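Good morning, and thank you for coming.

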Amino acid sequence: MAMNQTGEVTAPAELGNLTQFEYLALGSPLNLADGHARQELTPGQIRIVDELPSLWAESVKRPVEEVEAEARRAYLELLGQRRFPDVPERLLSCYSSSVAMEIFARSLARTTDSIMLVHPTFDNIPDILRGVGLRLEPVEEPVLHGAGIPDDRLRSVGCVFVTTPNNPTGRVLSRSALRRLAARCAEHDVVLTLDTSFRGFDTDAHYDHYEVLEASGCRWVVIEDTGKLWPTLELKIGWLASSENVGLPLAEVYSDILLGVSPLVLSMVRRFAEEAAGGGLADLHRFIATNRATLREHLEGVPDVRFPYPSSRASVELIDLGQRTALDVWTALRRHNVYALPCEKFHWANPVEGSRRLRLALSRPASSVLTAAKALRSVLLAG
Ligand code: EGV
């Protein structure tokens, strides 16, 4: 936790990034701050946890390439991927999507000094990209979904990076929007990178992205993440997938950082993915939708409050606070032990745009969402 020189907890306005806000919430039962999955395990998932000792024994015995191949097949097929790279160098297993992103960023920085990044998005993405010395250019969501990036802007960067579904808006790049963007990137020889960490939540994102990317001929990278879907105590995999022609030293930089990931975690991910394919994913979608409905119902009729992304299916919900500032509401909620995220830092190129917006995580026990929704209602009615 951030402290100043006298050892006090620093005021939230001084916190450097969203993850520091998330640290503050980790000890609270009403932590609706981070986007990690913290809901209770379902009965089907509890059975997998009960199987862990035998998964361990199996993981010791079997060749790791086999365990790895089965895990990525199970996970990617769950998400509607029918084709995906089958050579290990083109589908690298990492501890988390942030580790995959760091490897991607370091590789990209060897070939270009500039990247265009969707705006807004979770702030550790711009921070990682800036951390390797890249210059960032924002691209607004409506441009990506509508008219497209103008030629002169596209020519000025080495890569376009899009989070889809986006965090925190939930907006999904449709198959046709991806096809158009990939064609433009191919035309200008710009790498197209997708972070699809939230795609599990939205069936609109369950089309075959790799097929669209391959057909365009563009140089592409995709970062997949099992970490948002299932409450697996931070045991997760981030996958770094890329095209054959990507022209980035991804496998080399990977080898600087990792030898590999745990076969036990890979086996567990495979089992969670199989369980999800057998009905668990549809249950999860209903669960998130119910939590979203709880939150919306409890804020109904509160003056000057709206939900700017009504069709979002992501496991986070954005709330426009009208005239109230996000930091004031954050502070008032904290008195109820409820933690959310003020949105300034999602708007990495123009923080003021997020200053009257709050993000709440929905991947929480229904009872926590209910208690937090009631507290939020009373806070908002008071000011
Ligand atoms: C969200 C935090 C970092 C990130 C949280 C997140 N991880 N900083 N490496 O996973 O939406 O709350 O994505």
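I shall speak about the nonpolar cores, then a helix pair, and finally one serine.

Please keep in mind that this is a predicted model.

Let me start with the cores. The largest nonpolar core comprises 107 residues. Those with the most contacts inside this core are Phe104, Val160, Leu192, Leu213, Leu240 and Leu376. Helix α12, residues 263–299, is the greatest contributor, giving twelve residues. Both domain 1 (2–41 + 279–381) and domain 2 (45–274) supply at least three residues each to this core. A second, separate core has 13 residues, among them Phe21, Ala33, Tyr339 and Phe346.

The crossing of α5 and α6 is right-handed. On the α5 side, the contact is made by Ser98, Met101, Glu102, Phe104 and Ala105; α6 contributes Asn124, Ile125, Ile128 and Leu129.

Finally, is serine 243 buried or exposed? Serine 243 counts as buried, because its relative accessibility is 2%. Serine 243 lies in the loop between β8 (238–242) and α11 (250–257). The side chain of serine 243 forms a polar contact of 2.6 Å with the side chain of asparagine 245. Leaving aside neighbours within four places in sequence, serine 243 is in contact with Arg90, Glu214, Cys218, Arg219 and Trp220.

Methods. Residues numbered from 1 in each chain as written. Predicted model: local features only at pLDDT ≥ 70, side-chain atom pairs only at ≥ 80, totals over all residues. Heavy atoms only, no water. Helix = DSSP H or I, 4+ residues; strand = E, 2+ residues; numbered from the N terminus. Buried < 20%, exposed > 50% of the residue type's maximum accessible area, 1.4 Å probe, protein only. Polar contact = N/O pair within 3.5 Å; in protein donor to acceptor, adjacent residues only side chain to side chain. Contact = heavy atoms within 4.5 Å. Core = buried A, V, L, I, M, F, W, Y, C linked by side-chain atoms within 4.5 Å. Domains from an automatic or database assignment. Left-handed = near helix turned anticlockwise from the far one by under 90°.
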